[in-house]
Amino acid sequence: MSESLRFMLVGFIGGVILLFAGYYFLLVPRYWRRMREVTDAEQELEGAQRALEARRKELMLEAREEAHRFRKEVERENRERRQELQRTERRLHQREENIERRTEALERRDRVVQEKDAELSRLSDLAAKEQVKWRQELESLAGLGAEEARKMVLAEAEREARHDAAVLIEQIEEETKRDADRKAREVISLAIQRCAVDQVTETTVAAVNLPSDEMKGRIIGREGRNIRAFEQLTGVDLIIDDTPEAVVISAFDPVRRETARLALESLVSDGRIHPGRIEESVRKAQDLMAERVQQAGDHAALETGVTGIHPELIRFLGKMNYRTSLGQNVLGHSIEVANIAGVLAGEIGANEAVARRAGLLHDIGKAVDYEVEGTHTAIGVDLARRHRETAEVVHAIAAHHEDVPFQSIEAILVYAADSISAARPGARRETLESYIKRLDQLEKIAQECNGVERCFAIQAGREVRILVKPNEVDDAMATALAREVVDKIEGSDLQYPGQIKVTVIRETRAVDYAK
């Protein structure tokens, strides 16, 4: 073999060896990297599958818990429904028993009536025979004709019938009045029981607690610039006196007073008090107050079930939440009147929706009566008309203080519900001065009557007891004296809630001594 051929063979073999060596050193590492990547991917996949399985088990557990809770809720609702159904069945059973008893009583009454009808028929036949006999005897004895005798008998029968009818009418009137009074008490009691009642204290000031008395100087500011800025922006009077760790906000407008209180509390909690910060706090307090007013109005409409009220009237209702009248919250009073009027209307078959709506809006004028001239009734009527309330609702608002004659049963119910809410115990409070003045005026009215020896106003002015001189006033005059005192109280300008009971006591005492 030649040298060149050997050299080529060696070169070829060396090239093949280099080719295999390059393949091994280049491709095999890449292969192992790919294998490791595949292994890592498989491990990640297994981890994801395990996480997915754990998540699936967790979701299954949550679903089971949710199903358990739902099953418990359903069981509770079913239990309540079964209880309600049992109560309904008991009521129906009682009604069926009552109906059966009434049916038996009616059947017995029918049998008695039939027996009486048969007896009356027999007596009628007998009376007809006797009448013929008496007529013949009367004609023979009195010398009167049948026509003249008939007229005399009819006249006598008419006189007796009129007397019996008068007696019967009087009995019916007494029974009707007694039943009406009882039914009215039941309806009013039911209406009051189904309504929540509360009471607040009337005030025109609000106190804000301070962390220390040093804060008072910061509220006043240099040369009083902070307090002037605060009062100018809020429209209230800020009273800073010797009261430890407290300042007082005074304002007649309750919404403005509450806004000032929120703004001042925000300033005190923040600690930075200067005109710019005051303006920012007042603006935030006004926004917060507007939101609270809207929420209060929406809550009132939702609680009474009244829908479709104009948004502006809703806002006025919310403002009434910060207004009181003789210690009674005006919005709470309006909600109470709406509920009572609705219950009364439902009991007697009147329009419950109109009664509730008018009851809720009857004092709407009090929301702005410190801004607009006129009585709250006139202002409320104007607001209701302006916001397109129905004529029935407007009339009930106008008549709830008897400023106009009643034209609907719903207006009367709103008037009655307003009186019930205002006169119930604990609803309103009076100042000590007006309370004492009312008691003195009651005693003075009673003392002016003739024959009165002494008189006492008791039960917070809801009753007047009069002791008369027995030698000047007899029993008949005592009744007339009670009526006279009642007329004087009703004819006076005395303002009193509910009604006043007048009791006249006539007592005679005989005293002697045994020696």
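Residues 24 or more positions apart account for 61% of the contacts in the protein with a separation of 6 or more, a contact being a pair of heavy atoms within 4.5 Å. The model is predicted, so local features need a pLDDT of at least 70 and side-chain atom pairs count only at pLDDT 80 or more, while totals for chains, interfaces and linings use all residues. Residues are numbered from 1 along each chain as its sequence is written, and side-chain values use heavy atoms, with hydrogens and water left out.

The protein has 14 helices and eight strands. Here helices (H or I, at least four residues) and strands (E, at least two) are DSSP runs, numbered from the N terminus. Of its 515 residues, 29% count as buried. The word buried stands for under 20% relative accessible area, exposed for over 50%, and partly exposed for values in between, with a 1.4 Å probe and protein chains only. The accessible surface comes to about 35,100 Å², and 54% of that area belongs to carbon and sulfur atoms. Such areas come from the Shrake-Rupley method with a 1.4 Å probe; for residues, only the protein chains shown count as cover.

Helix H4 shows how burial can be arranged around a helix. In this helix, which spans residues 225-234, the buried residues are Asn-226, Ile-227, Ala-229, Phe-230 and Thr-234. They lie on the same side of H4, because they cover an arc of only 160° around the axis; the arc is that of the directions from the helix axis to the C-beta atoms. What covers these buried residues includes helix H3 (214-220), strand E2 (237-239), helix H5 (254-270) and helix H6 (275-304). Just after H4, Gly-235 takes a positive phi of about 75°.

Burial also occurs in a loop. Glu-389 lies between helix H10 (376-386) and helix H11 (391-399), and it counts as buried at 10% relative accessibility. If residues up to four places away in sequence are not counted, Glu-389 touches Leu-313, Arg-357, Leu-361, Ala-384 and Val-394.

The next topic is charge. Side chains of opposite charge can pair when their charged atoms come close. The structure holds 23 salt bridges, each defined as a side-chain nitrogen of Lys or Arg within 4 Å of a carboxyl oxygen of Asp or Glu. One of them joins the side chains of Arg-55 and Glu-58, at 3.4 Å from N to O. These two residues are three residues apart in helix H1 (residues 3-142), so about one helical turn separates them. An α-helix has 3.6 residues a turn, so residues three or four places apart point the same way. Arg-55 is partly exposed, with a relative accessible area of 39%, and Glu-58 is partly exposed at 38%.

Glu-73 is partly exposed, with a relative accessible area of 34%, and Arg-76 is partly exposed at 32%. Another salt bridge joins the side chains of Glu-490 and Arg-483, at 4.0 Å from N to O. Here Glu-490 counts as exposed, at 51% relative accessibility, whereas Arg-483 counts as partly exposed, at 44%. Salt bridges may also be linked: Asp-270, Arg-272, Arg-277, Glu-280 and Lys-284 form a network of them.

The surface has a nonpolar feature as well. Leu-9, Phe-12, Ile-13 and Ile-17 form a nonpolar patch with about 410 Å² of accessible area together. Patches are made of residues with over 30% relative accessible area and no salt bridge, with like charges joined within 9 Å and nonpolar side chains (Val, Leu, Ile, Met, Phe, Trp, Tyr) within 5 Å. Phe-12 has its place in helix H1 and is exposed, with a relative accessible area of 56%.

Finally, the cysteines may be considered. A search of the whole structure finds zero disulfides, a disulfide being a pair of cysteine sulfur atoms within 2.5 Å. Cys-449 is in no disulfide, and the nearest cysteine sulfur, that of Cys-455, is 9.0 Å away. Cys-449 counts as buried at 5% relative accessibility, and Cys-455 counts as buried at 8%.
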